[in-house]
Structures are given as C-alpha cells and as structure tokens.
Amino acid sequence: VSIGQVVCVKGETREFERARNPGNFDQRLYYARQKIYGFLWGEKIISIEGKENILLENLYQLKVKWNETLVQNMGDDTGGILSAILLGEKADMEAETKELYQKNGMSHVLAISGLHISFICLGIYRSLRKVGMSYFVSGVVAVGVLSVYVAMIGVSVSVFRAYIMLLFRIGADLTGRVYDLLTALMVSAAMIVAYEPLYLTDAAFYMSYGAILGIVIV
C-alpha cells in the first residue's frame, strides 16, 4: 500500500479513550487534532484503489533509507539521536537516552523546530546570495528545498510556524520590505488555528508560539 491510495478494510472499529480524570492524557482529543477519529483492527483488506502520490511516497522511502543508514553506520544510540534531530524519527532511540534528554530539560533538541528550518532554508538562501545569485532565484531555491524537506518529515506545529515565518523572512527580501517577526508569528498562528481550531487545546502550540512571543516581548 502506497501513500495516496485508498484502502477498504474489514475489521473491528473502536473509538479513542477520553481522559478519565482531570489532567490525564486525552487520547481522543490528541488524535482529533490530527483529524483521526477512531481506529480499526484490520482483519482483511478488501480492496486497494487510487493512484499513489509519487512525490510523497518517494520522500517517505528516502526518509526510511536515511534513517536506516544513520542507525547502521553510527549505531543505535548515536544514529537514533541523529535520526530524531534530522528526520523527527524517535522510534530507534534507546529509552534510557530519551529519558536523559527529558530529565535534563533538553528534549526540545530532538524535535524538528525553527532551528532546523533556519539552518536549512537560510543557509541555502544566504549561500546562494554570496555566490552572486539574485534574491528571487535564491529565495525560490531555498523555499523549494525547504518545502520538500517539510513534506518528508511531516508538518508539526513548530515546523509549520517556522516554515511560514521563513516565507515572510525571504518574502521581505524579495519585495524590499522590512521583516516583522511579530506579524509573521501572528499570521502563522492564525493560519494553523483556521486549519484546525483544536490546536488551541495543544500544549505544543502554546510552547512553540509562547517561546517566540517571549523573545519578541523581552
């Protein structure tokens, strides 16, 4: 089964659990933010229809091979950490290592965030500008590469925020305008809430936007 295809499956469907006590993890709300409203124990695939999304399928296969290469060449520990930092894949990280990052307040390093996006996009953009490329060509190439990377790793709250803000940053250069961080931050927040209002119940939303808003205010 490839990305983009529609699968008809026979099986037993169930709903996600709600939080039984205040402060407990609400599984139903967590998945509703991702527009997933239930799960199914598949017993039999009845049919597979539709065409695969060639771009997304190839990007997924690239991500899988990249992850395997990191783990095979650098070991489960180091390879797992690099895979989490570069690809957002934490499955190969050892439980003890993940716990160490959490206990020391460094787990944000393992999440794909604005730092990663800035390194990629602004790094390409500024390098092309230094070798004499125009603002337009440099911006288009940088945003194109960034868009493919974002499509590969998946669009989380922090990734979406950083992506939109960098579009504003490069767009300001292309149009000869001054980049306004607060405007870029608020527009990206409005866009993601318009797409899925349930993000207003997401701690990651408040942490990501609150961190940048704090920097702006200070």
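Begin by selecting Tyr 135, which you will find in helix H5, and bear in mind as you look that this is a predicted model. Is Tyr 135 buried, partly exposed or exposed? Tyr 135 has a relative accessible area of 41%, and because this value lies between the limits of 20% and 50%, the residue counts as partly exposed.

For another charge placed over a ring, select Lys 35 together with Tyr 195, where the charged end of Lys 35 sits 4.9 Å from the centre of the ring.

Now return to Tyr 135 and select with it Val 131, Met 133, Phe 136, Val 137, Val 140, Val 141, Val 145 and Leu 174, which together make a nonpolar surface patch of about 780 Å². Helix H5, which covers residues 135–153, supplies the largest share of this patch, namely six residues.

The next stop concerns aromatic rings. A pair of aromatic rings is described by the distance of the centres and the angle of the planes. The structure holds seven aromatic pairs. Select Tyr 30 and Tyr 31, whose ring centres are 5.0 Å apart and whose planes stand at 85 degrees, so this pair is edge-to-face. Tyr 30 is partly exposed at a relative accessible area of 34%, and Tyr 31 is also partly exposed, with a value of 26%.

Phe 205 counts as buried, with 8% relative accessibility, whereas Tyr 206 counts as partly exposed at 49%.

In soluble globular proteins, nonpolar side chains tend to be buried together. The largest nonpolar core here has 33 residues, and Phe 205 is among those with the most contacts inside it, along with Ile 117, Leu 146, Ile 192 and Tyr 209. To see which elements give two or more residues to this core, colour helices H2 (54–87), H4 (114–130), H5, H6 (157–175), H7 (181–195) and H8 (203–217). Finish on H6, which gives the most to this core, with nine residues.

Methods
Residues numbered from 1 in each chain as written. Predicted model: local features only at pLDDT ≥ 70, side-chain atom pairs only at ≥ 80, totals over all residues. Heavy atoms only, no water. Patch = residues over 30% accessible without salt bridge, like charges linked within 9 Å, V, L, I, M, F, W, Y side chains within 5 Å. Areas by Shrake-Rupley, 256 points an atom, 1.4 Å probe, with all protein chains shown as cover. Salt bridge = Lys/Arg side-chain N within 4 Å of Asp/Glu carboxyl O. Helix = DSSP H or I, 4+ residues; strand = E, 2+ residues; numbered from the N terminus. Buried < 20%, exposed > 50% of the residue type's maximum accessible area, 1.4 Å probe, protein only. Phe/Tyr/Trp six-rings, centres within 6.5 Å; stacked < 30°, edge-to-face > 60°. Lys NZ or Arg CZ within 6 Å of the ring centre and 35° of its normal. Core = buried A, V, L, I, M, F, W, Y, C linked by side-chain atoms within 4.5 Å.
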